[in-house]
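This briefing concerns helix packing and salt bridges. Please examine the structure shown below before reading the points that follow.

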Amino acid sequence: MFKRILIANRGEIAVRIIRCCMEMDIETVAVYSTEDRNSLAVMAATESVCIGPAKAADSYLKEDVIIEVAKRCGCDAIHPGYGFLSENASFARKCLDNGIAFIGPSAEIISRMGDKQSARELMIRTGVPVVPGSDGLLLTLEDAKTAAARVGYPVLLKASAGGGGKGMRKAFSPEELEQAWSSARAEAKAAFGNDDMYLEKLVQNPHHVEMQILADQHGNTICLGERDCSIQRNNQKLLEEAPSPLLDEKLRRKMAKTAVKAAKAAGYFSAGTVEFVLDDDRNFYFIEMNTRIQVEHPVTEELVGIDLIREQIRIAAGMKLNMTQDEVRQSCHTIECRINAATTGRITFLHMPAGYGVRVESALYTGCEISPYYDSMIAKIIVSGKTRLEAIRRLRRALEELVIEGIETNADFMHLLTFHPDFILGKYNTGFWEKNHWEIEEWLSKGNIAQTESES
């Protein structure tokens, strides 16, 4: 087992990894920017090293600097968390070249599955269903128009190196495709340094369901169940839950087997997520595989009682999975709510919810600063209950208990969302935000919460 791990990340995921390492008697090194010098991760780690100024490009994305710090501090492994360098094949390869374990899949696997078009082609060869789309990368706007005419509008233009909703544009006509082409490529270039594009038929307002995979380096692969991530804003997830209200047991088993098949086709090891969209007839299609730990991994942890960070570390150290597919049991209903900052500034008072069935992942503390340089997510509230309705009511209670003063957040909006009839009934898809946010904001402006008959 590793003796000392460098965490190449920040915020709540850095704290989450440090806590796991402490339980495993593994020392930790936190790297940080000047903006994060007073962060919780810096305080919690065994050792901390500043690696540059606030901008991520000058600190958290400096591959060679992070490698050098790891070597100087005697680290035998690096955990990249999510975002930043977590799906960077070059970084994974540099870790290996310098005798440092990368806690994640190999550089070859990251390259294979990180390129969305290559992953799509692999799934087609494997027999995994994919959304109809372009045959290979689109080199010109004319290529895009030809592909769109073949599959039929509306279409979704996607960055091959994309993730997190960046480099994606919808187009309902050739004129919209022209506008989408330039803006999507520019965004992809800025975010990933790669403006390669491909195109898919747009499944309008689909359900977004992902399957959590664990695979070791000895050929063992299991699926830990699904997470429904359909409540989104601008392709950014707001709330995730498991089990999905959409799936029955037959469909769940079929999607799980398909996810395992996809992971094995990629030669995958580590924790990973196979993502699907489903139409209203519950036909499912592969869209991508995330070769890292997900923001929403606590949903699965609560669902099946497995520490995914610990399993990532064990797998990277060459250990076998300590459970089989038949031993995976779902014990509850779990919901995760993301708390996002709407403004920046100092947290003047903080009270986090607690109690039975409530878990909070955050790096906040009273007096800390919320920076404009990084992602706006500042906390995750995860609740569990015996039933979905019990979990919803527990989430309401937790959000009512939450107090964050000094900045504005989306907490009140998320609280009202839990009273919406469509959410309570599990009748939602990725179009939920566009359809309902005005109504929820009106409720918010009136300060009025109406219980619905569907709960009784």
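H1 passes H11 in a right-handed crossing, the term for a near helix turned clockwise from the far one by less than a right angle. The model is predicted: local features need pLDDT of at least 70 and side-chain atom pairs pLDDT 80 or more, while totals for chains, interfaces and linings use all residues. Residues are numbered from 1 along each chain as its sequence is written, and side-chain values use heavy atoms, without hydrogens and water.

**Helix packing**
- Helix H1 (residues 11-23) and helix H11 (residues 308-316) have axes 9 Å apart, at an angle of about 65 degrees; helices here are DSSP runs (H or I) of at least four residues, numbered from the N terminus.
- The two helices, H1 and H11, are therefore roughly perpendicular (65 to 115 degrees).
- Arg16, Ile17, Cys20, Cys21 and Glu23 of H1 meet Leu308, Ile309, Arg310 and Ile313 of H11 (contact means heavy atoms within 4.5 Å).

**Salt bridges**
- The count comes to 36 salt bridges, each a side-chain nitrogen of Lys or Arg within 4 Å of a carboxyl oxygen of Asp or Glu.
- Glu23 pairs with Arg310 in a salt bridge, with the closest N and O atoms 4.0 Å apart.
- Glu23 lies in H1 and Arg310 in H11, so this pair ties together parts 287 residues apart in sequence.
- Glu390 and Arg394 form another salt bridge, at 3.9 Å between the closest N and O atoms; both residues lie in helix H12 (residues 388-401), about one turn apart.

**Accessibility**
- Glu23 is exposed, at 58% relative accessible area, and Arg310 is partly exposed at 28%.
- Arg394 counts as buried at 15% (buried is under 20%, exposed over 50%, partly exposed in between, with a 1.4 Å probe and protein chains only).

Technical notes: Axes are lines fitted to C-alpha atoms, for helices over the stretch in contact, and angles run from 0 to 180 degrees between N-to-C directions. Angles under 35 degrees count as roughly parallel, over 145 as roughly antiparallel, 65 to 115 as roughly perpendicular and the rest as oblique.
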